[in-house]
Amino acid sequence: MALRAVSALTWGLGGPGVGPLRSGTFLRCATQHRLEKMPSSIGFPEASRRPFSSHRILVDVDQSHGVATMKLKNPPVNSLSLELLTEFVISWEKLENDKSCRGVILTSNSPKIFSAGLDITDMYGKNAAHYAEFWKAVQEVWLKLYTSNMVVIAAINGSSPAGGCLMSLASDYRIMADNPKYTIGLNETLLGIVAPFWFKDNLVNTIGNRASEHALQRGLLFPPADALKIGLVDQIVPEDKVQSTALSVMSEWLKIPDHARQLTKTMMRKPTADRLLKQREADIQNFVSFISKDSIQKSLHMYLKFLKEREK
Ligand SMILES: CCC/C=C/C(=O)SCCNC(=O)CCNC(=O)[C@H](O)C(C)(C)COP(=O)([O-])OP(=O)([O-])OC[C@H]1O[C@@H](n2cnc3c(N)ncnc32)[C@H](O)[C@@H]1OP(=O)([O-])[O-]
């Protein structure tokens with residue numbers, strides 16, 4: 001891939017600001033502690049599809065265990081478009097408000113692609129108002145995932161570049177299909193753009209500073225075995241075992257009393273979430289002016305062309 005990073009690197013480097021999170025953002029302490037072991041594969045016949053689903057977000061809820069499976073469905077590559085992000089937030093809020101739902105497995109409806117990341121067409125050739133709306137939706141999805149009271153497990157059943165990797169990073173645990181054709185990572189520099197500070201923060205919190213520095217600068221996309229080695233994913237399993245493993249891992253996590261786990265999650269994640277919350281509007285403005293630059297638009301144009309023309 002011969003694209004050069006052309007960005008001025010002035011955007012996305014973050015600012016100060018660690019403080020208390022809005023009260024009540026994290027701490028809905030559910031009282032139910034269902035400790036029974038879940039079967040390793042829960043058949044969806046006994047699950048219910050409540051009105052949590054939409055065009056691009058399919059949600060199956062296993063009421064007896066309080067676990068939802070949320071599948072991204074945005075063919076052909078599950079790109080995170082403004083429409084998908086908007087539908088995601090609506091479904092997510094419904095699940096958060098349903099006190100019987102304690103865990104979510106986040107996965108993809110398409111067999112080979114978890115998500116191709118942010119929809120590049122939402123960042124190319126549009127106006128400032130569109131970019132602002134789009135970026136606010138990206139922030140919202142990350143904040144919802146990263147600060148969720150529910151246990152969130154990413155069942156990564158395909159490639160997961162950039163924004164797809166971010167959604168996985170925001171989860172509590174990552175299980176990836178062990179197929180060397182699939183890769184995961186924050187590859188923004190390959191598009192000539194820069195991962196914002198909160199993408200970087202989430203990555204550093206997961207794999208450490210040095211590995212993040214290396215991965216981010218080079219825009220590395222890791223096959224599953226390498227992702228496991230650096231801690232970008234927690235487990236790799238055969239392709240047909242991703243969902244069943246996610247369910248059995250979920251049953252272990254749900255043995256922990258909710259309030260204790262949630263407080264611990266808050267303790268670990270609040271400073272990182274606060275950093276974005278404190279400068280959310282500035283981050284949107286930074287994104288809009290960055291993405292509107294001629295040089296960045298040119299890079300995205302070249303990348304889209306590269307995607308269309310490359311040999312499959
Ligand atoms: C500051 C901002 C931070 C940014 C964060 C991001 O997430 S940036 C995002 C960084 N993301 C990446 O760098 C990932 C780029 N994508 C890929 O690497 C591959 O598409 C793949 C491995 C996901 C799937 O391979 P595959 O061989 O199965 O599929 P294929 O390649 O044949 O694509 C089919 C069609 O989908 C199109 N399209 C693809 N992605 C996107 C997209 N994100 N959006 C829109 N469209 C996209 C592609 O052009 C093609 O269109 P066509 O010709 O039909 O009109």
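Predicted model: local features only at pLDDT ≥ 70, side-chain atom pairs only at ≥ 80, totals over all residues.
Ile175 and Ile153 are the residues that touch the most other members of the largest nonpolar core, which has 82 residues. Helix H2, spanning residues 128–146, gives the most to this core, with nine residues. In soluble globular proteins, nonpolar side chains tend to be buried together.

The strands E1, E2, E3, E4, E6 and E8 form, in that order, an open sheet of mixed pairing. Its edges are E1 and E8 (235–237), each of which pairs on one side only. Between neighbouring strands of the sheet, the average turn is 20°, direction ignored. Strands of a sheet pair through backbone hydrogen bonds, either parallel or antiparallel.

Both kinds of pairing can be located in the sheet. Strands E1 (residues 57–62) and E2 (residues 67–72) run antiparallel and are joined by six bridges. Within this pair, aspartate 60 is placed opposite threonine 69 of E2. The hairpin formed by E1 and E2 has four residues between the strands, and glycine 66 adopts a positive phi near 70° in this hairpin. By contrast, E3 (residues 103–108) and E4 (residues 151–156) run parallel, with four bridges between them. Here leucine 106 faces alanine 154 in E4.

Two helices that pack on the sheet may be described in turn. Helix H1, comprising residues 82–97, touches E1, E2 and E3, and its direction makes about 15° with that of E1. Helix H7, comprising residues 242–253, also packs on the sheet and touches E2, E3, E4, E6 (173–177) and E8. The direction of H7 makes about 160° with that of E4.

How values were computed. Residues numbered from 1 in each chain as written. Pairing = 2+ DSSP bridges. Core = buried A, V, L, I, M, F, W, Y, C linked by C-beta atoms within 7 Å. Buried ≥ 20, exposed ≤ 12 C-beta atoms within 10 Å, placed from the backbone. Axes fitted to C-alpha atoms, helices over the stretch in contact; angles between N-to-C directions. Contact = placed C-beta atoms within 7 Å.
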